[in-house]
Amino acid sequence: MGRNYPECGGMKMKKLLVAGPTRLSGTVRIHGAKNSVLPILAACCLCCSPCVLHNCPDIADVRTALAILESLGCKARREGSTLCIDPTGLDRHCVEPRLAGKMRSSVLFLGALLARFSQAELALPGGCPLGDPIDLHVKALSQLGVRFCFEEGRMRAVWHKRLDGDIRLPLPSVGATENLLLACALGKRTVNITGAAREPEIADLIGFLRAAGADISGAGTSSLQICGVSRLHGATYTILPDRIETATYLCMAAGCGGETELLRCDARLLLPVIERLREAGCEISADADRIVLRSSGRLLPLLPVSTAPYPGFPTDAQALLMAAVLKAAGGSEFRETIFERRFLHVPELRKLGADIQVAGSTARVRGVRQLHGAKLRAEDLRGAAALLTASMMAEGESELTGLCHLLRGYEKPEQNLKNLGASIKSVDIPAPFVYNT
């Protein structure tokens, strides 16, 4: 039996053994966007009839969202990459703490349950420890008449008086924008949001809501108008490709070298990443739903990279690109402007021999000629993918634990990388011997 870890939801724990260095060549099919399907699953709570969602990844966070839906009274089933959600039995407004604590996106059920029941209760969300406060969600919803009470790690929200309003977000928060969309889609009132996040995943959420009968305009801009309607019906909808999964395999191929083809993706969604990889010396060609990257594995240094809200360089790709340039012929600089704890992967990369110095929100990477294998532990989702990237670039064997983080966002990463030629295998972590007296 494998050892169970509370921080990973009690799942049986495994570790990855990675032998490097390796070159990656072959084809990977990209799945639907994790950061689209999660808010859209929450949005199913607003509907009065069944919903069918195509191109849904089979990852831990999606399974958690489905468990939340079922705990609230919905029915859910998977047929391949299609999810069928029947919300007609929805009868509870409280999200169980054991489920809410597994992922940050559980906070999106706040807006959805407020819309349906005028109240919601859930534990403060878990997931990656990146420093992602929900203050913006609370302040924005409070302006619309929601009252909040916090006690012992739980949050209770009640819609005291449903108000029209003009909401200006001080920061383009993806989560706050999504919660406002979910909370205000139902009800006879008009809400205008300025300073809204513009990420493609928000446009995808709006696309689903409009397919279900919502009246929302401004998708893809920083100004949204929501005219609440009395009811939403079920809808059939296809989730857009995951731009961060796409960026992950591009950065892995860039750092390791080789020729990798990605299918069912959209290069338009991650142009800043593609531009930086070209700057580093990679050859990249793209058409409607296909990207091909060729790399020697010895990259050029980058001009300073600064994360920014869409359409800027995505914070979720920062760790991935940093790993790719660890052996570049020169120095690169990364400035993180979105999450205050986005450098959790840096101490682990140093174990591999990486030369990285961090000062505040800036990390400076000096390329080294060689990395060596090490024992590593991931602390967050994208950091896990960065450690895996660097392990494949390193000489000798590396051991990576904390895989629960990786599996929250990637479907079958081990098999995908094996198909590309990586020497990688997962093994159970033995349970510790306990002597009972």
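Reader: Quick one to start: is Lys 412 buried or exposed?

Author: Lys 412 counts as exposed, because its relative accessibility is 58%. Exposed means over 50% relative accessible area, buried under 20%, and partly exposed in between (1.4 Å probe, protein chains only). This is a predicted model, where local features need pLDDT of at least 70, side-chain atom pairs count only at pLDDT 80 or more, and totals for chains, interfaces and linings use all residues. Residues are numbered from 1 along each chain as its sequence is written, and side-chain values use heavy atoms, with hydrogens and water left out.

Reader: OK, and where is Lys 412 found?

Author: In the loop between helix H13 (403–407) and helix H14 (413–419). Helices (H or I, at least four residues) and strands (E, at least two) are DSSP runs, numbered from the N terminus. Lys 412 also has a positive phi of about 50°, although it is not a glycine.

Reader: What about Ser 118, what's its phi?

Author: Near 65°, again a positive value in a residue other than glycine. Ser 118 sits in the loop between helix H4 (108–117) and strand S6 (119–123). With a relative accessible area of 25%, Ser 118 is partly exposed.

Reader: Which residues of H7 are buried?

Author: Pro 200, Glu 201, Ile 202, Asp 204, Leu 205, Ile 206, Phe 208 and Leu 209. Just after H7, Gly 213 takes a positive phi of about 110°.

Reader: And at what angle do H1 and H7 pack?

Author: About 30°, with the axes of H1 (residues 34–43) and H7 9 Å apart. So H1 is roughly parallel to H7. Axes are lines fitted to C-alpha atoms, for helices over the stretch in contact, and angles run from 0 to 180 degrees between N-to-C directions. Under 35 degrees counts as roughly parallel, over 145 as roughly antiparallel, 65 to 115 as roughly perpendicular and the rest as oblique.

Reader: Which residues make that contact?

Author: On H1, Asn 35, Ser 36, Pro 39, Ile 40 and Ala 43; on H7, Glu 201, Asp 204, Leu 205, Phe 208 and Leu 209. Contact means heavy atoms within 4.5 Å.

Reader: How does H1 pack with H2?

Author: H1 and H2 (residues 60–71) pack at about 0°, with their axes 10 Å apart. They are therefore roughly parallel to each other. The H1 side of the contact is Lys 34, Val 37, Leu 38 and Leu 41, and the H2 side is Asp 61, Val 62, Ala 65, Leu 66 and Leu 69.

Reader: Last one: what does Thr 389 contact?

Author: Leaving aside neighbours within four places in sequence, Thr 389 is in contact with Cys 251, Met 252, Cys 256 and Ala 323. Thr 389 lies in helix H12 (residues 381–393), and at 0% relative accessibility Thr 389 counts as buried.
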